[in-house]
Amino acid sequence: MARRAVRIQSLARADAILGFLAGAPRAGRRLRDIAAVSGLAPSTAATLLKSLEALGQVERVAATGYYRLGRRMLDLGRAFARQADLLELGRPGIVRLCQATGETVNLLVPSATAMIVAESLKGDVTLKTSPLKGAGLPLTGTASGKCYQAFISGELNRALAKVAVFARPTARTVEDIAHLDRAFAQIRRLGYATEEDEFQPGVIAVAAPILDRDGRILGTLSIHGPSHRFTVRRAARRGGLLKQEACHISAALP
């Protein structure tokens, strides 16, 4: 399969390992075989496997020390299978939000290390696809990234901190762990997250989680606009609308 150049080498290496394990027998693969096939030194392969194991994407069989795909990969596969439904179920709400606010509305889904814009529309009467569609947004500095982090487990958050690509797009992007923990608690209490000049200067956004029946986050709905028009106060008011539309999608999920 032809691939674009991967700038982050560790992600390409991890992908090679996961691809090899995808064809493994139930018993798993030995470390030395994983290293050989992926072209890595055993120590490098072991380090990557430990990070993937912390994320739940790989598991180590205690009795043999072999490695195989972890439960997290099954969850991601199921989430991928639901994404088409999520998009279909989400589009009416996206259109309603566009018409109600006149701003850009997005539906994002999590990848292993970023938030992917699955749909993005802008406008009120005439709706157009925005340039954001298909883009990957960082977990830091974005309302959707913060919303996702607030609704996943602390264990997964700690694992993400080891392997995810965290950007600091502006001087206002918050990185302090204690501050973020307080922010995540507030996001869970309010049911939505906001950003102000954290991803792009002069842009304000608000995002609400789309949760499945077990309370796991599948994606986010977000609205963003220029701060001279889409103020922090207005974004907070739109948080209620976002929560309502996200709940409609969640209720319709199988």
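At what angle do the axes of helix H1 and helix H3 cross, and within what distance do they come? I noted before looking that this is a predicted model, in which local features need pLDDT of at least 70 and side-chain atom pairs count only at pLDDT 80 or more, while totals for chains, interfaces and linings use all residues. I also noted that residues are numbered from 1 along each chain as its sequence is written, and that side-chain values use heavy atoms, with hydrogens and water left out.

**Entry 1**

I found that the axes of H1 (residues 9-22) and H3 (residues 42-54) come within 10 Å and cross at roughly 80°; axes here are lines fitted to C-alpha atoms, for helices over the stretch in contact, with angles running from 0 to 180 degrees between N-to-C directions. H1 is therefore roughly perpendicular to H3, a term that covers angles of 65 to 115 degrees. Helices (H or I, at least four residues) and strands (E, at least two) are DSSP runs, numbered from the N terminus.

I then listed the contacts (heavy atoms within 4.5 Å): Ser10, Arg13, Ala14, Ile17, Leu18 and Leu21 in H1 meet Thr44, Ala45, Leu48, Leu49 and Leu52 in H3. By class, this contact has 8 nonpolar, 2 polar and 1 charged residues, where Ala, Val, Leu, Ile, Met, Phe, Trp, Tyr, Cys and Pro count as nonpolar, Asp, Glu, Lys and Arg as charged, and the others, Gly among them, as polar.

For H2 (residues 31-38) and H3, I read axes that come within 9 Å and cross at roughly 105°, which means that H2 is also roughly perpendicular to H3. Leu31, Ile34 and Ala35 in H2 meet Pro42, Ala45, Ala46 and Leu49 in H3, and by class the contact of H2 with H3 has 7 nonpolar, no polar and no charged residues.

**Entry 1**

I placed Ser250 in helix H8, where Ser250 is buried with a relative accessible area of 14%; buried means under 20% relative accessible area, exposed over 50%, and partly exposed in between (1.4 Å probe, protein chains only). Again not counting residues up to four places away in sequence, Ser250 touches Ile210 and Leu211.

In helix H5 (residues 143-151), I found that 8 of the 9 residues are buried, so H5 is largely enclosed by the rest of the structure. Lys146, Cys147 and Tyr148 are among the buried residues.

I marked Asp197, which has a positive phi of about 60° although it is not a glycine, and which lies in the loop between strand E7 (193-196) and E8.

**Entry 2: the whole chain**

I recorded 8 helices and 9 strands for the protein chain, and of its 254 residues, 44% count as buried.

Notes:
Parallel < 35°, antiparallel > 145°, perpendicular 65-115°, else oblique.
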